[in-house]
Amino acid sequence: MQATLPMPSATALLPLLPELVLAGAAFALLMIDLFLNEKQRVLTHVLATCTLGLVGVLLIAGWGGQGTVLSGMFIRDNMADVLKVGACFVSAIALVYAWPYLRERGLYKGEVPVLVMFAVAGMMLLISAGSLVMVYLGLELLALCSYALVAIDRDSPTASEAAMKYFVLGALASGMLLYGMSLVYGATGSIDLATISANAPMAAQPAMLITGVAFMVAGIAFKFGAAPFHMWVPDVYHGAPTPITLFIGSAPKLAAFAMAIRLLEVGAGPLGDYWHPMLAGLAALSLVIGNLVALAQTNLKRMLAYSTVSHVGFLFMGLAGGGAEGYAAAMFYALSYAVMAAASFGAIIVLSRRGFEADRIDDFKGLNARDPWTAGLVLCVMASLAGVPPFLGFWSKLAVLRAAVEGGMLWLAIVGIVCAVIGAFYYLRVIKAMYFDEPAGEAAGPRDDRLLQVVFGVNALGLLAFGLFWSPLMAWCQQAFA
Amino acid sequence: MTHWPLLSLLVWLPILGGVFTMMAGNTRPQAARRIALGFAVATFLLCIPLFTGFDLASAGMQFVEQRSWIPAYDIQYHLGADGISLALVGLTTLTTVLVLIGAWGSVDKRVSQYYAAFLILEGLMIGVFSALDALLFYVFFEGMLIPMFIIIGVWGGPRRVYASVKFFLYTFLGSVFMLVGLVYLYLKGNSWQLADMAALPLTMTEQAWLFFAFLVAFAVKVPMFPVHTWLPDAHVEAPTGGSVILAAIMLKIGGYGFLRFVLPIVPDAGHHYAWLVITLSLIAVVYVGLVALVQEDMKKLIAYSSVSHMGFVTLGTFIAFALVRDASLQDAARLGLQGAMVQMISHGFISGAMFSCVGVLYDRMHSRMIKDYGGVANAMPWFAMFWVLFAMANSGLPGTSGFVGEFMVILAAFQANPLIAFAAAFTLVIGAGYTLWLTKRVIWGEVGNAHVAELEDINMREWIVLGVFAIGVILLGVWPKPLTDLMEPSIAQLASQLAATKL
């Protein structure tokens with residue numbers, strides 16, 4: 001007999017409004033772009049940025065209201081709202097950074113903003129996922145857009161290679177995740193995360209359930225780029241055009257965080273005793289590997305890629321610490337890292353020109369002598385990444401440190417701080433290049449682009465401003481898990 | 001005047017000044033110098049109401065400003081000063097003015113940034129001395145690293161990169177352990193306030209862990225043997241101003257940290273492990289003193305002598321730990337703490353003065369090697385006068401400030417164990433040895449070479465700098481009472497906190 005689902009009324013779907021607006025606008029832009037010539041193409045870009053900003057505002061204003069729709073598949077709660085706002089705004093910033101860079105290199109196609117919008121839609125579905133299917137759908141929408149974005153510069157061998165690696169490894173990770181999901185489904189008889197959580201304690205085959213959760217953890221670790229599933233990160237970050245790296249290095253971390261919370265805390269919450277240690281192990285490994293390998297890099301994008309691995313380690317520290325305070329700390333870390341990552345790749349974009357990527361540390365040599373203002377901003381970004389107070393990066397490290405100590409993982413906290421010191425070294429190298437070295441060869445000077453400079457200035461100084469007054473941001477995160 | 005947020009002004013005025021100085025830009029060095037000096041002098045003058053408005057009879061925190069900063073984590077913007085903080089704040093503002101004057105003619109590369117870095121550093125250091133919230137303290141404590149890193153790295157000597165990175169990583173590594181300790185204390189007592197942490201009961205195991213977390217942080221800063229190795233490098237490579245600030249003030253932050261954190265928060269562990277710190281201090285005092293004896297680089301010699309003299313600070317502090325539980329020795333314990341504090345202020349003047357003297361020579365000869373000098377007194381008689389005065393103070397001659405603190409610490413140590421006192425007193429001999437030998441080789445004797453013969457004596461600007469240091473050294477030497485009166489109530493309170501067990 002066929003099950004009959006009642007057709008939901010339009011008002012019941014209202015919590016979906018932001019997603020609908022975004023997806024609708026993305027389709028519309030795809031069409032509009034067809035009728036635009038090269039000169040008018042800026043319109044696509046501006047409209048895409050505005051839409052992302054608008055969706056963010058819609059979310060802040062709370063339009064559509066919170067609630068659970070589509071028979072529990074889609075959940076809009078406090079956490080979802082905060083993360084979606086973060087994802088929309090960070091992606092909008094990424095688009096602004098991308099515009100001059102792509103235009104100069106003839107990469108400026110209407111597809112870029114549209115793909116970004118679809119990727120954000122994928123993130124938003126992932127963030128709101130209430131069932132395994134929705135998790136997978138959101139994840140794949142995000143992933144497919146990301147693969148295409150990495151390959152957008154199709155004439156570049158490194159970019160194509162990066163996209164290929166990303167695609168193959170991403171497919172592998174999706175496979176692992178799907179396998180884990182199928183085991184969990186088999187053990188609990190449901191794809192609904194809340195039901196899984198309710199059924200987990202009385203699962204007939206706990207071993208199967210735990211194996212499934214372990215595979216899901218691996219899938220999550222891959223999406224985050226946590227060691228030992230980090231192999232794709234340096235190649236993709238290095239190979240992709242810088243604005244694309246900026247995009248995939250920032251906002252998707254928020255979605256990955258939500259995925260971890262939905263799958264592990266909401267879904268596999270009763271199995272916390274199993275997956276908390278797994279996350280703690282991944283955290284320690286990521287911290288050590290990320291920081292040590294980053295030391296050896298000469299390419300800034302690769303260095304930042306390994307530094308991402310170590311930041312993911314810190315984020316996992318908060319997740320492993322657990323509890324409302326721990327998740328809030330991890331969420332705070334994800335949000336602040338997204339902003340820091342945008343600023344760090346933004347620095348490369350600001351300094352790059354056509355034919356000069358400014359992505360080697362040596363390219364930053366003597367920047368202070370040429371342009372003290374930009375050098376000062378990059379100093380803020382690097383200090384924040386290193387976790388020096390009063391910048392935002394320090395406070396997010398403090399939050400996860402607290403979560404780890406509170407969760408009884410003092411050893412992890414100590415691994416974390418020792419790695420933070422190791423990490424400080426390679427960020428200092430960038431500061432050293434800018435301030436202590438004299439300019440050599442074709443050294444970077446900032447691009448003469450007002451908009452870009454303003455965005456970068458706001459982004460970098462934002463790290464200081466939020467570092468001095470981060471209470472509202474943290475309160476927001478705490479509210480999400482209250 | 002009392003309702004003015006004086007401490008906030010003292011913290012933020014120099015930082016604001018730093019921003020203004022930076023805006024003047026490197027292309028207008030003279031404007032930058034004037035703006036910076038103006039702000040530094042204004043900050044120094046702000047200390048006057050601080051001292052006049054201070055109630056000498058009270059041991060509590062004064063000029064308290066407390067408001068919520070980060071409500072989500074209960075962090076407060078909580079400033080306040082007692083006698084100990086006040087003395088160090090005064091030293092900081094004075095030294096900064098002198099450093100900025102001293103750099104007037106000798107720094108001509110990226111001037112505005114140089115001056116701005118010192119002003120920002122000043123604000124942060126004052127913040128360290130007046131923060132009463134543990135995290136606020138930590139923010140200032142760590143925030144100092146970046147300006148100092150840049151000062152050493154940009155305006156330093158040939159191995160400046162190595163020295164600056166070593167400086168940064170050493171201090172960073174030390175302080176992150178403290179951060180974990182502070183987080184633990186917060187989770188335990190639900191407050192970041194130092195006063196609440198001091199009142200929190202802790203078991204011996206907890207105290208021991210916390211003690212070592214604090215010890216690592218502050219021992220690196222002081223620096224104590226065996227984690228002192230960053231200091232000679234940093235000092236040698238840093239520009240004159242950087243060396244002066246480093247020796248005169250930043251090292252004091254380590255000693256201050258012991259007084260603010262270790263004494264009140266983990267008194268039992270401090271008591272239990274006092275022998276360890278005392279041993280390390282004695283090694284610093286004697287062994288590092290001997291190391292100083294064989295140096296060929298003037299700055300390195302003074303750097304090692306700094307380590308040796310700072311050994312007295314930790315010795316005095318922890319002698320108090322050893323003594324205070326014995327009711328009959330309370331006075332000696334107080335004397336030890338008092339001596340440690342006087343030694344800090346005195347060493348601030350002496351080391352600042354010695355590094356300034358080396359800077360004066362370096363500006364003329366571009367060499368720090370002792371062998372390049374000889375008979376400087378013939379060409380620079382006034383300079384020689386100052387040098388000899390500071391050298392005497394460095395060797396602890398009675399009548400100079402160097403004598404007072406060391407004498408008090410030795411007296412206190414004698415009550416604990418005459419052997420400790422003997423070992424500590426031995427340093428006076430070594431100290432006199434390396435300082436006088438240095439003086440003999442640099443100042444006295446025949447004119448070493450043609451370059452020395454052409455040296456010009458100190459100019460007006462250098463006169464002011466060295467003169468002010470000289471006044472400080474002599475005044476503190478013959479009349480230390482105002483300083484000890486200033487700190488007495490706070491020290492008595494610290495000693496009583498020490499005496500009470502928290503177990």
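Helices (H or I, at least four residues) and strands (E, at least two) are DSSP runs, numbered from the N terminus. The structure described here is a predicted model, in which local features need pLDDT of at least 70 and side-chain atom pairs count only at pLDDT 80 or more, while totals for chains, interfaces and linings use all residues. Residues are numbered from 1 along each chain as its sequence is written, and chains are lettered from A and ligands numbered from 1 in the order in which they are written.

Chain A contains 19 helices and two strands. Its radius of gyration (taken over C-alpha atoms) is 22 Å, close to the 23 Å that the globule rule gives for 482 residues, so chain A is as compact as a globular protein of that length. The globule rule is 2.2 Å times the number of residues to the power 0.38. Along the principal axes, the C-alpha atoms of chain A fill a box of roughly 75 × 60 × 40 Å.

Of the 482 residues of chain A, 63% count as buried. A residue is buried if 20 or more other C-beta atoms, placed from the backbone, lie within 10 Å of its own; it is exposed if there are 12 or fewer, and partly exposed in between.

Helix α6(A), residues 157–188, has 32 residues and spans 46 Å from its first C-alpha to its last, close to the 46 Å expected at 1.5 Å a residue. The expected span is 1.5 Å times one less than the number of residues. After α6(A) comes A:Gly189, with a positive phi near 75°. Helix α12(A), residues 300–321, has 22 residues and reaches 31 Å, close to the 32 Å expected. In α12(A), 22 of the 22 residues are buried, so this helix is largely enclosed by the rest of the structure. A:Gly322 follows α12(A), and its phi is positive, near 75°.

Next comes the nonpolar core, a set of buried Ala, Val, Leu, Ile, Met, Phe, Trp, Tyr and Cys residues joined through C-beta atoms within 7 Å. The largest one has 422 residues, and A:Val120 and A:Leu315 have the most contacts inside it. Helix α13(A), residues 323–351, gives the most to this core, with 22 residues. Two residues are in contact if their C-beta atoms, placed from the backbone, lie within 7 Å. Leaving aside neighbours within four places in sequence, the contacts of A:Leu315 include A:Phe257, A:Ala330 and A:Val400.

Where do the chains meet? In all, 25 residues of chain A are in contact with 29 residues of chain B. The elements giving two or more residues to this side of chain A are α15 (372–386), α16 (392–406), α17 (410–435) and α19 (471–480). Of these, α17(A) gives the most, with ten residues. The residues of this side divide into 20 nonpolar, two polar and three charged. Here Ala, Val, Leu, Ile, Met, Phe, Trp, Tyr, Cys and Pro count as nonpolar, Asp, Glu, Lys and Arg as charged, and the others, Gly among them, as polar.

Chain B has 22 helices and two strands. Buried residues make up 62% of its 503 residues. Within chain B, B:Leu259, B:Leu263 and B:Pro264 in α11(B) meet B:Leu494, B:Gln497 and B:Leu498 in α22(B). The residues of this contact divide into five nonpolar, one polar and no charged.
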